[in-house]
Structure formats: C-alpha cells, structure tokens
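Colleague: I am new to reading protein models, and I would like to learn how to look at one feature at a time. Could we go through one together?

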Amino acid sequence: MAKNFIYLLLLLSLNSFSNPNKKALENMNGCYACHSVKVKIIGPSFIEISKKYKNQSASRNDLVKKIRDGGSGNWGSIPMIAHPNISEEDLSFMVDWILSLK
Ligand code: HEC
C-alpha cells in the first residue's frame, strides 16, 4: 500500500517535470471536485464535453469564457463556479486538452 503510494508520487512528479504546461495542469486540480474524465460528478465528464463541442468551431472561445466566468444552462441548472484567476494561456490549454479527449 505505502509502496504503491510512493510509485504514484514518483509518476506524478515525473509527469510534471516533463510537461511544459505543468501550471495549467496544476490549476486543473480543483476541477476534479466536480468533473472527472469519464464519469459525471456534479458537472459533466470531460469526455462528454469533448463529444458535445468537438465539431463546433465557435465553442472553443465559449468554453474558455465559461471556465473563467462560470454559469449554467448547457447541461442543467447546477452552475459551474467562476475561475477568474486562471490565465488565458492556461484556460486555452485546458480547453484544448478537454476537446482532445475521445
Ligand atoms: C463547483 C463545481 C465545478 C467546478 C469546481 C468546475 N466545474 Fe466545470 N462545470 C460544472 C457544472 C455544474 C457544469 C455544467 C454547466 C452548465 O450546465 O452549463 C460545468 C461545465 C463545464 C464545461 C462545459 C461548459 C459548457 O458550457 O458546456 C467545461 C469545459 C468545464 N466545466 C470545465 C471545467 C474546468 C476546466 C474546471 C477547473 C478549472 C471546472 N470545470 C471546475 C461544475 C464545476
């Protein structure tokens, strides 16, 4: 058990050293309180989001705006909280990452 935990830490730290967008990914930690990649929690799963918007060219900017400003209505009445302190660059990276999921 403890051994597995150490492996996990090692894996996570290797991942962040080699990733140029480490900061964007760190900013995503809070997202996982309401989202997961595959399963709906409070918000839709990132894969569902990707499927819904993949083929719409206008949606990229809308999603950046939605993460920054928060809001509801596209998936139901539960609102997503605003994230005013995330940089445009990190927001773009997150949206690209979400839309790249299959
Ligand atoms: C407090 C819970 C909560 C947190 C934290 C949260 N979300 Fe959401 N998110 C939601 C809900 C609820 C929705 C559905 C909103 C709607 O119906 O329009 C949503 C929707 C979305 C959408 C789709 C937007 C749309 O208009 O279809 C994206 C993209 C998204 N979230 C990304 C993120 C990212 C990235 C983060 C972290 C920076 C994050 N969320 C953090 C609850 C949350």
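Colleague: How many helices and how many strands does the protein chain have?

Modeller: Bearing in mind that this is a predicted model, the secondary structure of the protein chain comes to five helices and zero strands, and read along the sequence it follows the pattern α-α-α-α-α. Of the 102 residues of the chain, 12% count as buried.

Colleague: Which residues make up the largest nonpolar core?

Modeller: The general idea is that in soluble globular proteins nonpolar side chains tend to be buried together. Here the largest nonpolar core has seven residues, namely Phe46, Ile49, Leu63, Ile67, Met94, Val95 and Ile98. Helix H3 (46-53), H4 and H5 each supply at least two residues of this core, and H5 gives the most to it, with three residues.

Colleague: What span should the 12 residues of H5 have?

Modeller: At 1.5 Å a residue, the 12 residues of H5 should span 16 Å, and its end C-alpha atoms are 16 Å apart, which agrees.

Colleague: Which residues of H4 are buried, then, and which are exposed on the other side?

Modeller: In H4, Leu63, Lys66 and Ile67 are buried. They cover an arc of only 95° around the axis, which puts them on the same side of H4. On the other side of H4, Asn61 and Asp69 are exposed, whereas the buried residues of H4 pack against H3 and H5.

Colleague: Is Gly30 buried or exposed, and where is Gly30 found?

Modeller: Gly30 is found in the loop between H2 and H3. A residue is exposed if 12 or fewer other C-beta atoms lie within 10 Å of its own, and with 12 C-beta neighbours inside 10 Å, Gly30 therefore counts as exposed. Although Gly30 and His83 are 53 residues apart along the chain, their C-alpha atoms are separated by 9.9 Å. For the chain as a whole, among contacts between residues at least 6 apart in sequence, 44% join residues at least 24 apart.

Colleague: How many residues surround the ligand, and which are the closest?

Modeller: There are 25 residues surrounding the ligand, and the closest are Cys31, Cys34, Gly43, Trp75 and Met80. Sorted by class, this shell has 15 nonpolar, nine polar and one charged residues. Helix H4 (59-69) and helix H5 (88-99) each supply at least two residues of the shell, and the largest share, three residues, comes from H4.

Methods: Residues are numbered from 1 along each chain as its sequence is written. This is a predicted model: local features need pLDDT of at least 70, side-chain atom pairs count only at pLDDT 80 or more; totals for chains, interfaces and linings use all residues. A residue is near a molecule or strand if its C-beta atom, placed from the backbone, lies within 6 Å of it. Helices (H or I, at least four residues) and strands (E, at least two) are DSSP runs, numbered from the N terminus. Ala, Val, Leu, Ile, Met, Phe, Trp, Tyr, Cys and Pro count as nonpolar, Asp, Glu, Lys and Arg as charged, and the others, Gly among them, as polar. A nonpolar core is a set of buried Ala, Val, Leu, Ile, Met, Phe, Trp, Tyr and Cys residues joined through C-beta atoms within 7 Å. A residue is buried if 20 or more other C-beta atoms lie within 10 Å of its own, exposed if 12 or fewer, and partly exposed in between; C-beta atoms are placed from the backbone. Two residues are in contact if their C-beta atoms, placed from the backbone, lie within 7 Å. The expected span of a helix is 1.5 Å times one less than its number of residues. The arc is that of the directions from the helix axis to the C-beta atoms.
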